[in-house]
Amino acid sequence: MKLLKEFKEFAVKGNMMDMAIGIIIGAAFNKVIDVLAKQVLLPPLSLLSDGVNFQDKKLVLRDAITDGTGAITTGEVAVAYGKLLEVFIDFLIIGFTIFIVVKAMNKLRNKAQDTNDQTVVTPKDIELLSDLKHLMEEQNQLLKSKVSN
């Protein structure tokens, strides 16, 4: 019963919805990055490298063995480093994009938390903490002046 109550609180607070939204957006973003890497970035790299397709690049450790009819009896053993390169480019694109998004979000958050900036509405909790800080500073100044007298 307690577990059900905790789950209800978790779901009602929005944490589960936030996670679901993040996962859905992440999956959609993954598709965008996949197309960006495979269709936009890798073709120019292939062109620069004299038409080499990075996806097909591999280091063959053992060739496939075929019988007299041409049927493969033993499969090829190869290290597909081209796919690793593709995934690495995907990773760099995702990492850089997330860096830019987080940097922009931090800039907006810092601007919103600046109580002296009148162009953005400061959240109430930040305003209250700022007012509390100023009151404490005034109180400390009064105490220092009383002690020095």
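This is a predicted model: local features need pLDDT of at least 70, side-chain atom pairs count only at pLDDT 80 or more; totals for chains, interfaces and linings use all residues.
Where does Lys 124 lie?

Residues are numbered from 1 along each chain as its sequence is written, and side-chain values use heavy atoms, with hydrogens and water left out.

Back to the opening question: Lys 124 lies in helix H4, residues 124-148. Helices here are DSSP runs of H or I with at least four residues, strands are runs of E with at least two, and both are numbered from the N terminus. Lys 124 is exposed, at a relative accessible area of 62%. On that scale, buried means under 20% relative accessible area, exposed means over 50%, and partly exposed is in between, using a 1.4 Å probe and protein chains only. Looking back along the chain, Gln 113 is 11 residues away from Lys 124 in sequence, with 9.8 Å between their C-alpha atoms.

Now the whole chain. There are 4 helices and 4 strands, and in sequence order they read α-α-β-β-β-β-α-α. How does the radius of gyration of the chain stand against a compact globule of 149 residues? The chain has 29 Å, while such a globule would be near 15 Å; the radius is taken over C-alpha atoms, and the globule rule is 2.2 Å times the number of residues to the power 0.38. The C-alpha trace spans about 105 × 55 × 30 Å along its principal axes. Buried residues come to 11% of the 149.

For contacts, meaning heavy atoms within 4.5 Å, take those with a separation of 6 or more: 32% of them join residues 24 or more positions apart.

Next, the inside. Which residues make up the largest nonpolar core? They are Ile 33, Ala 37, Leu 42, Phe 54, Ile 89 and Ile 93, 6 residues in all. By nonpolar core I mean a set of buried Ala, Val, Leu, Ile, Met, Phe, Trp, Tyr and Cys residues joined through side-chain atoms within 4.5 Å. Zoom in on Ile 33: beyond its neighbours within four places in sequence, Ile 33 touches Asp 90, Ile 93, Ile 94 and Thr 97.

Staying with helix H2, that is also where you will find Ala 20. Ala 20 is partly exposed, with a relative accessible area of 31%. Ile 94 is 74 residues from Ala 20 in sequence, and their C-alpha atoms are 19 Å apart.

Last stop, the strands. Gly 75 sits in the loop between strand E3 (72-74) and strand E4 (77-79). Is Gly 75 buried or partly exposed? Gly 75 is partly exposed, at a relative accessible area of 39%. Setting aside neighbours within four places in sequence, its contacts are Arg 62, Asp 63 and Ala 64. Asn 30, in turn, is 45 residues from Gly 75 along the chain, with 32 Å between the C-alpha atoms.
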